[in-house]
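Have a look at it first, and then read on.

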Amino acid sequence: MRTDPNMADPDGFYEAWLAAHEGLSDEESAELDARLVALLANQVGDAQVLLACIAEARAGRGA
Amino acid sequence: MSAETWKFAPAYELPHWPFVAPPDLANSESGERIRYPVVIAGGGLAGLTLACDLALRGVRAVVLDEDDTVGVKGASSRGICYAQKSLEIFERLGLYERIRAKGITWSVGRTFSGAEEVYTFNLQDDSASEQPPFINLQQFYLEWFLVDRIRELDTTDLRWKSRVTQVENEPDAVVVEVETPAGRYALEADWFIDATGANSRIREAMGLEVNPSRSTDRWCITDVRFKVPFPTQRWTWVDAPFNEGRAVWQHLMADDVWRLDYQMAEDCDPETISRPEVAGARLRAQLGPEVDFEFVWIGPYQYRDHLLETFRVGRTLFIGDSAHVVSPFGARGGNNGIQDAANLGWKLALVLAGEAGDELLDSYHAERHPAAVENLTVCRRTARFLAPRSRAEHRIRRAVCTLARRHEFARRLANTGRMAQANAYPPSPWAKAGARSVQNVAEGGTTLMRRLASGTRFLGLAFGADASTLAQLDELAALFPIDFHRADPAGPLAAHLGATAGTVAIVRPDAYLAARVAAEPEAVAAALRDALGRDERARLAA
């Protein structure tokens, strides 16, 4: 699992991510993010990396 | 709540300069008008920087300012962070040492979420300059130092208590009507500069749109004097526990004054949140009960942005806030007014000297408008990060901050301000490969800014050139405003510019790299013709 910076344009990605949520209800937003996870997972492909990401996301719950 | 009494610092005593009746007043009866090469309306950061820059180039500008002092609303400190490019400009203009001595030098910024640190940056890491990444200083001090420097140079006609009431853009001159305590008069300018700020009536009277937008996000600046040995770093909280989970900025300025800027609830009452007892309670929540402080300034605000479509209209040019306004995150307001001035100064000087055609002034728009667009985009993104608009946006930001505590990649997504840098300029007829800023690198017992400090000359840095190559290049100095210097292909300038032996780096008077070419007179001459727009001029004449 990579955790070093690997995005070409982090601020541009963040802006586009927020823009995708504009005008959606909270439920719709949650569903959008779920679809996004599935699409990004298919880009990653590697099963071990995906399992590591799932574990890290689960471990890193905020306050 | 305990009944604490709140102390206020004594008001700053700002300088006042006298109104002096100008010779134009004597002509007001006859209708004759005196003509000046450059008239600048507005004595703020942008206008004063341009006047000072022009003075050093031997251009006698008239500055019209409706006030007789510096600052706005007295000593309320507006801008506070001056970026490296601005500091390098002030080094060239001869006031950097005074700024350094008075201000607070810093390079480290730290961002917190809750009680934990999210990320840290050190801008010094990318610097090759003699000037630091940032100095903090109350804006009125900087304007004050600029006025002192302009007066010392004794070239500029500074006219206080002089308000522009009307501007006529005629084909061969701009006619400017001025109101003063001793009456009205009109003058003529070859070139007229609107530096009157965000609410420019000149711009409005010309019917020019800026498409403004205003934030719903509200903040309250609290400038406070206290002595606590906090590090001289830029500290920001995305969601501070001592500010009801909203953002806070903490920055030191001159005179032990701290800029504490608190994000407020969008539906707050600006009058209530800026009462001393309310502002004082916020400070106590942040600083604890022991710290002895006094207020210097409390001011609620919303930010806004706007952008003028074209920065040149005939013989009128717009600089600073009159042309562009951005949200305050990242210090891209005042710094870009200063950089507008530095971009325009040398071009005006060369056009007035007949070294370039007036099309060169179109390059001011071609370079500074894209810079403003870039700054708007960057500042809007930060504003959006700081003021999430929905539960989804809050959720995304929480996810980023949580991941950022553990992972470097997520720190790049947390955005409490992308600090002002000298914008690179896109490819244009004047710089076919675009133009990037050159830092104030020291080499050979001098610095780039010292070499650029007098006159309006390009620098040709000839890396590893032998005597005969340099002699050949020197012949171009009779045809173009350029001076050549030998530079070390293994030295710091070469490293900064990525230059190799046998090449010439052509540095403009505003310390932007115009071109890098082979050390051959034809190649250098071609690049200079581009940079000065001389080919364009020939084409238009044909």
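Predicted model: local features only at pLDDT ≥ 70, side-chain atom pairs only at ≥ 80, totals over all residues.

## A covered helix

Residues are numbered from 1 along each chain as its sequence is written, while chains are lettered from A and ligands numbered from 1 in the order in which they are written.

Helix H1 of chain B covers residues 45-56; helices (H or I, at least four residues) and strands (E, at least two) are DSSP runs, numbered from the N terminus. From first C-alpha to last, H1(B) reaches 17 Å, close to the 16 Å expected, a figure that comes from 1.5 Å times one less than the number of residues. Among its buried residues are Leu45(B), Cys52(B) and Asp53(B). The cover includes strand S1 (35-41), helix H4 (139-153) and strand S11 (183-194) of chain B. Just after H1(B) comes Gly58(B), with a positive phi of about 80 degrees.

## Two domains in chain B

Chain B splits into domain 1 (23-94 + 136-212 + 305-381) and domain 2 (436-541), with bounds from an automatic or database domain assignment. Their centres, taken over C-alpha atoms, are 28 Å apart. Where they touch, 17 residues come from domain 1 of chain B and 20 from domain 2 of chain B; a contact here means C-beta atoms, placed from the backbone, within 7 Å.

On the domain 1 side, helix H2 (84-93) and helix H8 (334-352) of chain B are the elements that give two or more residues. H8(B) gives the most, with 5 residues. That side divides into 7 nonpolar, 3 polar and 7 charged residues. Here Ala, Val, Leu, Ile, Met, Phe, Trp, Tyr, Cys and Pro count as nonpolar, Asp, Glu, Lys and Arg as charged, and the others, Gly among them, as polar.

## A five-stranded sheet

Chain B also has an open sheet of 5 strands, in the order S20-S26-S25-S23-S24, with mixed pairing. Strands S20 (436-437) and S24 (482-487) of chain B are at the edges with a single partner strand each, so one side of each has no neighbour in the sheet. Two strands pair if DSSP finds at least two bridges between them.

S23(B) is largely enclosed by the rest of the structure, because 6 of its 6 residues are buried. On one side sit Phe458(B), Gly460(B) and Ala462(B), and on the other Leu459(B), Leu461(B) and Phe463(B). S23(B) pairs with S25(B) in the antiparallel sense over 4 bridges; Ala462(B) stands opposite Val504(B), and Leu461(B) has Ala505(B) as its bridge partner. With S24(B), S23(B) runs parallel, joined by 6 bridges, and there Ala462(B) partners Arg486(B). The chain gets from S23(B) to S24(B) through helix H13 (467-474) of chain B, in a right-handed β-α-β crossover (with the strands pointing away from the viewer, the path from the first strand over the helix to the second runs clockwise).

Note on methods:
Buried ≥ 20, exposed ≤ 12 C-beta atoms within 10 Å, placed from the backbone. Contact = placed C-beta atoms within 7 Å.
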